[in-house]
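Open the model in your viewer and keep the selection tool at hand.

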Amino acid sequence: MDNHYNIYICGVGGQGIIKTSTIIGEAAMNQGLEVVMSEIHGMSQRGGSVSTELKIGGYNSSIIPNNGADMLLSFEPIETIRGLDKVNSETKIVYNTHPIVPSSSNKPYPNVDEITKTLKENFKYVLPIDGTKLAIDAGSVLALNMVLLGAVTADDNFPLSKESVIEAMKNNLKPKFHDMNLKAIESGYNSIKG
Amino acid sequence: MNLKELVTGAAGEKQFLLGNEAAVRGVIEAGVSIAATYPGTPSSEIGNVLSVLAKDANIYFEFSTNEKVAMEVAATAAASGLRSFTFMKHVGMNVASDSFMTTAYSGVKGGMVILSADDPSLFSSQNEQDTRNYARLANVPILEPSNCQEVKDMVKYAFDLSEQFNIPVIVRTTTRVSHMRGVVEFGDVRDNSSNSDNHWKRGHFDKDPSKFVPVPAFAGEMHVRLWDKIHKIEEITNKSDLNNEFNFANDKKYGLIASSSAYNYAYDVVKFNGLDVDILKLGFSYPFPQEKVAEFLKDLDEVFVVEEVDPIIEKDTLTTIGAKNLNVVVHGKLDGTFPLYHEFNSDVVADGLNKVLNFKEDSSTSYSSSLEKLQEDIPSRAPVLCAGCPHRAMYYGINIAIEELGLKPKDVIFASDIGCYTLGINPPYNAADYLLSMGSSVGDGCGFSVSTDQKVASFIGDSTFFHSGISPLINAVHNKHNFVLTVLDNRITAMTGGQPNPGIPVDGMGDEAPEVSIRKLALACGCDYVRVINPFNLEQVVKTYREAFERDDTAVIISKAPCTLIKGLTKKPPVDMIESNCNKCDKCVNELACPAISKIDGSIVIDKSQCDGCNVCIQVCKYGALQAGKE
């Protein structure tokens, strides 16, 4: 089972989730690994929940089985909770702590510190990061996906090198954003490693 | 990846492609000259990509007004000796079916391939119909790719097959295949250089009414020829390496037959659980490869059939067992081993296999009660009409007009249609009570107006109106039906990602095109009351609805304002909130329900990153708490 690695990525439409996943997939391809990915289109621009699934290794199916994710990478606190079907006791749970409050729901938005506390009670690897702040520090809130991309590469079990992820990023995003994106990737990486 | 790689990429090159992008590469490798579609998710990205690449790839490409027209454009191109491609979502096949059925009879000269994308679990559709039924209904071959490489390869192969037997060929994907990304190795590109002044090649139609005009005398012969072709193709499906075996079993007792994305789940479950089960994958599933399946079954005691959505291969397997007098138990949808609806995944397939094979260990996870409570209590995040969406203003306005006219919500039936505006189903608008299909809001208006004494408000988008709203509007006028039809003209085909339509002056290849006027169409259909209004002017919206509801004919209101997602629009600055003026009526947050307006800690807050200055909320607030933002 060497080099098998499943990442479930979730968040809200418009956060750059599909692009982030595509970059990881392309990096995996460039490293000669087998990779499949699943994404759901259609409602993504209309504020709905969005998720992608990436499976590195010899899988045919692009959907991660329940409890089958090595990493849950969430762009938004409550989307982390929605993604928990995919995790097991060894899953790394990395999430951005900045909430996006849905306008369409009448249920109150839970306290983010409570979410973190509850997750830590139940799982071994709970890694909250203030990705939105790190993105703004790197130059733009739009670099959030690069911060989280950097965070993925910091996991010791992640089978891809940071360099190949950066290479794939450069191949997918405009050169004028490369410096900002590199800064964001580094800060995401350090927030997990540090 | 730069999309141009799909045209320029050399054989052997590898790219990480979306299934729909892989389909485009297949089309390019096959040397297609003519392509046409009506956008529909999960097939939409094929059109978006072709729209950009058509000229570089020597392809004429159009967004047709509907799938039937797209089918006719492709059929005539193929009859003229060119390779042609049409693609649609599964329900698009219903629209195209009238011409599609006869295309099977008349056949083709150049290769013709129809890609139809099914949507198990209805991510963006009104039903879960299975395209594979159409292959059997029309009697044409169907291929079922399971991953991105196969999408590319099978699209390309389908053209060769189509040309060899002069028959259209269907490629059936599902959402999980169309929206899968995977590594695709490119193949050679067949030359399709232009021989004309246009960027695409021109063919020639050689007249032969006995082949192309299905009057009864000729159509009877065509049907005989069709069966002849299918019998010959069945010999190919029995030998095809698209139908191949994967051997995992030491003991030949259990087997499994699967296709498309369901095959992926089945393969992974068998492989990663080390199950003693051989797999026969059917990539070329009609004409049904009965000899190959019989060969696979003959030593087995029991066989699983794993397929999404209908039990089609399962029934053909049962037929094979009967015809060949085999003694094999079949586990599939019909005996309840697998569900009869919704998409599968590895867990669903494992649960089904486990009913017979008992290999799964109990792996139920339990969380703390605080986490379980958190899971129950998290707010939902359903898609909503965007901040600045013109549809919201119309729904808000019509509800005001209904109230002012002294009508109750139960007195007005909202006949909705297919598009973003179906999101009007949600509170507080509650503006969708009945919906069948593309364009149905107009025909539904006709029916409700004679069947009930209720008022009827039909809502349809600009692209959907062109697609199939016009002939029912003629019906409405001629048969004197009484309802209010709103055409939500947001200058784009929004829901599927922003494709052009005949109402805007651009075609599918980005060239200038004549703009077809919805107002003139409504007038030409015979409507006496046709009003074009600005949806962001609330007073005008309410006044127009009041007028329209008081008429006894078919009244047409055209709401004309661009979709807020169209790039390059000039927008007004975000609205300012003057806290001291707010009287806490909460009308803005509760009745307008704009995602840019929320109530946080008792105060109304405008999310300036979302607000795009449509200024409708300003007209809703009677206390001057919401004011136009400063430039």
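**Stop 1: a strand pairing across chains**

Select A:Val36 and B:Gly182. These two are bridge partners, with B:Gly182 lying in strand S8 of chain B. Bear in mind that this is a predicted model. Now widen the selection to residues 35-39 of chain A, which form strand S2. Three bridges link this strand to S8(B). The two strands run antiparallel.

**Stop 2: a salt bridge**

Next, pick A:Glu79 and B:Arg381. Their side chains form a salt bridge, at 2.5 Å from N to O. How many salt bridges does the rule find across the interface of chain B and chain A? The count is four.

**Stop 3: the whole interface**

Colour the two chains separately and look at where they touch. On the chain B side, 50 residues are in contact; on the chain A side, 58. The buried area between the chains is about 4600 Å². Carbon and sulfur atoms supply 58% of that area. Which residues of chain B lose the most area to chain A? Select B:Phe16, B:Pro379 and B:Arg381. Together they account for 19% of what the chain B side buries. B:Arg381 is also the salt-bridge partner from the previous stop.

H11(B) gives the most, with seven residues. By type, the chain B side divides into 27 nonpolar, twelve polar and eleven charged residues.

**Stop 4: B:Asp553**

Move along chain B and select B:Asp553. Find the loop between helix H21 (538-549) and strand S19 (554-560); B:Asp553 sits there. Is this residue buried or exposed? B:Asp553 counts as buried because its relative accessibility is 18%, and the cut-off for buried is under 20%.

Show its surroundings. Leaving aside residues up to four places away in sequence, B:Asp553 touches B:His481, B:Asn482, B:Phe483 and B:Asp528. Then display the side chain of B:Arg551. A polar contact of 2.9 Å connects it to the side chain of B:Asp553.

Technical notes:
Residues are numbered from 1 along each chain as its sequence is written. Chains are lettered from A and ligands numbered from 1 in the order in which they are written. This is a predicted model: local features need pLDDT of at least 70, side-chain atom pairs count only at pLDDT 80 or more; totals for chains, interfaces and linings use all residues. Side-chain values use heavy atoms; hydrogens and water are left out. Helices (H or I, at least four residues) and strands (E, at least two) are DSSP runs, numbered from the N terminus. Buried means under 20% relative accessible area, exposed over 50%, partly exposed in between (1.4 Å probe, protein chains only). Contact means heavy atoms within 4.5 Å. A polar contact is a pair of N or O atoms within 3.5 Å; within protein, one must be able to donate a hydrogen and the other to accept it, and residues adjacent in sequence count only if both atoms are side-chain atoms. Buried area is the accessible area (1.4 Å probe) that two parts lose on being put together, summed over both. Ala, Val, Leu, Ile, Met, Phe, Trp, Tyr, Cys and Pro count as nonpolar, Asp, Glu, Lys and Arg as charged, and the others, Gly among them, as polar. Two strands pair if DSSP finds at least two bridges between them.
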